Amino acid sequence: MDYQTHEHDVLVIGAGGAGLRAAIEASAAGVSVGLVCKSLLGKAHTVMAEGGIAAALANVDDRDNWKVHFADTMRGGQYVNNWRMAELHAKEAPDRVRELEAWGAVFDRTKDGRILQRNFGGHRYPRLAHVGDRTGLELIRTLQDHGIHQGIDVHMECTIIQLLKDGDRVVGAFGYERERGRFKLFKAKAVVLATGGIGRAYKITSNSWEYTGDGHTLAYDAGAELVDMEFVQFHPTGMIWPPSVQGILVTEAVRGEGGVLKNKEGRRFMFDEIPDNYRAQTADNEEEGWRYTQGDKAARRPPELLTRDHVSRCIVREIKAGRGSPHGGVFLDISWIKARVPNGADHIKKKLPSMYHQFKQLADIDITQEPMEVGPTTHYIMGGVRVDADTQMSTVPGLFAAGECAAGINGANRLGGNSLSDIIVFGKRAGEYAAQYAKTQAGANIDTRQADQAARRALEPFERSTSGEGPYQVQYALQDMMQDLVGIVRNENEMQRALVGLAPLRERANRVGVGGHREYNPGWHAALDLHNLLTVSEAITRSALERRESRGGHFRDDYPTKDARFGTINFVVRKGRDGQMEVFSVAIPEMPAELKQVIDEMQ
Ligand SMILES: Cc1cc2nc3c(=O)[nH]c(=O)nc-3n(C[C@H](O)[C@H](O)[C@H](O)COP(=O)(O)OP(=O)(O)OC[C@H]3O[C@@H](n4cnc5c(N)ncnc54)[C@H](O)[C@@H]3O)c2cc1C
């Protein structure tokens, strides 16, 4: 078949924060760069990010530095993180944020004109550089404004469905234009995946339609390894009412600004259970917690700002015990701070403008006057493509990954704010090393039979047309199953049922039919997403079955405690020779003495 063909030294798949930053860096290194994305440029999921970018700038609290950030990230990830990534991230995030400022990002300011930083869960000091609660928008706007002057070729509304290989090496990608349905072939010396997450594998999620696990699956199908796939983050506070908005995020910044969680009895239940490793850092009482949110350096954080995995489980506990709110969540109240802050209602609107509008418009709730109802929502995946910490190269030559589709930095649980810093730190590194790699490579052989096969497979749903089942029914069945059986609280029996349930879903996915033609056909796009959703669901389920303990975002009621034996390993998934998914464990490399010392000092 003939395809529209493009050739670049480096092809970046994904135009969120990680992809844009990678493309900018690769281009600055003097190679030609193509940037592909499913949506319009500027609409990537990063745009939804609210609370801020974690970086130890020490603008608000001068006790902060990379060591504290590193120790916080490792503690949050329960020490199964890739420590080298956590180290690089903590050291380089401040420069990446200052660079954004130099490129025109308009951050909120301290009184003396520096970048303002706010409190967030699991961060010892106020660390999140932010722009109200619209930080992602500013990050994307800045990178996009900067990037479009770098000579990057942008291919918008184009979905990549397969990576192309020459022997072991990745040498390009194949996809289709979402508007017209025409196929496109990209030749490249290096490919960077920056495709984001997997949230659409679950029924309740804060994630956008783009989060169908594409990069995870493209990498897996190309022979790369995935790691930490059992670690899915369920953010404690998503909207729960009305049903049409269920899952939409309520930023942690609400709690950072003093918002408190209460059950239907009006009690602040978060004081009931403080994990041992956070006891010394947590406020003894409500008064101390409030002082912390207002910048009192002698005070410790309120328990609402403990890590997300813990807060989510406390909320589930309250709901299960019958102490939840009328629509099956708990109450999050920021309106109470009016009693403490002059012009409180205006203060809330200024600090949390998106939240104010979100609740007013979607739920007819004025958050300056009454509490919100919230509950956990699938938010982020810590697992992803297994990469080298320094270069971001995957286990397949020529294939790099950065951002949410890569893994390592977060371990078992991500701290809020650490993703926006992750995507700019490792996006830059991926671009730099992909360019370096591309410069060493001669042009590759493109075997168009790989593309032909992918094209034929992609068109099969049209052959079955309306005689096949609709793709959405299969997608909904998968989402229900993952939510119910591989969700916040897991056990062997339910996950085995999920594993068994995946096989018939895959058969149904192979038989879906789509009517109409290739132009503007969302049903067709949904049909093609199914393979990705099923692949990541299987990877999550298989890895979660292997981790017979509870750690971070992965909680099992049949193994409710942490087990030291699992504290030294990560689970890796890859495609076996027989085409079946295999899971195995790898030992976490020994941490250098100087990093161990940092962790000990920060206890
Ligand atoms: C509501 C919300 C609020 C958040 N707030 C914060 C916050 O305050 N701080 C923080 O640190 N984190 C936050 N996060 C998490 C953070 O926003 C994301 O983890 C991060 O933005 C991911 O960036 P990325 O560059 O990896 O991917 P994305 O920004 O999702 O970009 C992915 C790109 O890949 C493209 N793509 C995907 N598949 C394909 C394909 N097959 N072919 C071609 N292109 C493809 C997409 O079109 C898109 O351009 C928040 C998340 C949500 C949902």
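Visitor: Is Met156 buried, partly exposed or exposed?

Guide: This is a predicted model, and Met156 is found in the loop between strand 6 (153-155) and strand 7. Its relative accessible area is 40%. Buried means under 20% and exposed means over 50%, so Met156 is partly exposed.

Visitor: Which residues form a nonpolar patch on the surface with Met156?

Guide: A residue of such a patch needs over 30% relative accessible area, and Met156 has 40%. The patch has about 230 Å² of accessible area together. The residues that form this patch with Met156 are Leu40 and Val154.

Visitor: How much of the ligand does the protein bury?

Guide: An oxygen atom of the ligand is 2.4 Å from an N or O atom in the side chain of Thr46, and one is 2.6 Å from an N or O atom in the side chain of Tyr211. A backbone N or O atom of Gly417 lies 3.2 Å from a ligand oxygen atom. Taken alone, the ligand exposes 1000 Å², and the share of this that the protein buries is 99%.

Visitor: Which element gives the most residues to the shell around the ligand?

Guide: The ligand is surrounded by 40 residues, which divide into 16 nonpolar, 18 polar and six charged. The elements that give two or more residues to this shell are helix 1 (17-28), strand 7 (158-166), strand 14 (372-381) and helix 12 (418-439). With four residues, the element that gives the most is helix 12.

How values were computed:
Residues numbered from 1 in each chain as written. Predicted model: local features only at pLDDT ≥ 70, side-chain atom pairs only at ≥ 80, totals over all residues. Heavy atoms only, no water. Near = heavy atom within 4 Å. Polar contact = N/O pair within 3.5 Å; in protein donor to acceptor, adjacent residues only side chain to side chain. Areas by Shrake-Rupley, 256 points an atom, 1.4 Å probe, with all protein chains shown as cover. Nonpolar A, V, L, I, M, F, W, Y, C, P; charged D, E, K, R; others polar. Patch = residues over 30% accessible without salt bridge, like charges linked within 9 Å, V, L, I, M, F, W, Y side chains within 5 Å. Salt bridge = Lys/Arg side-chain N within 4 Å of Asp/Glu carboxyl O. Buried < 20%, exposed > 50% of the residue type's maximum accessible area, 1.4 Å probe, protein only.
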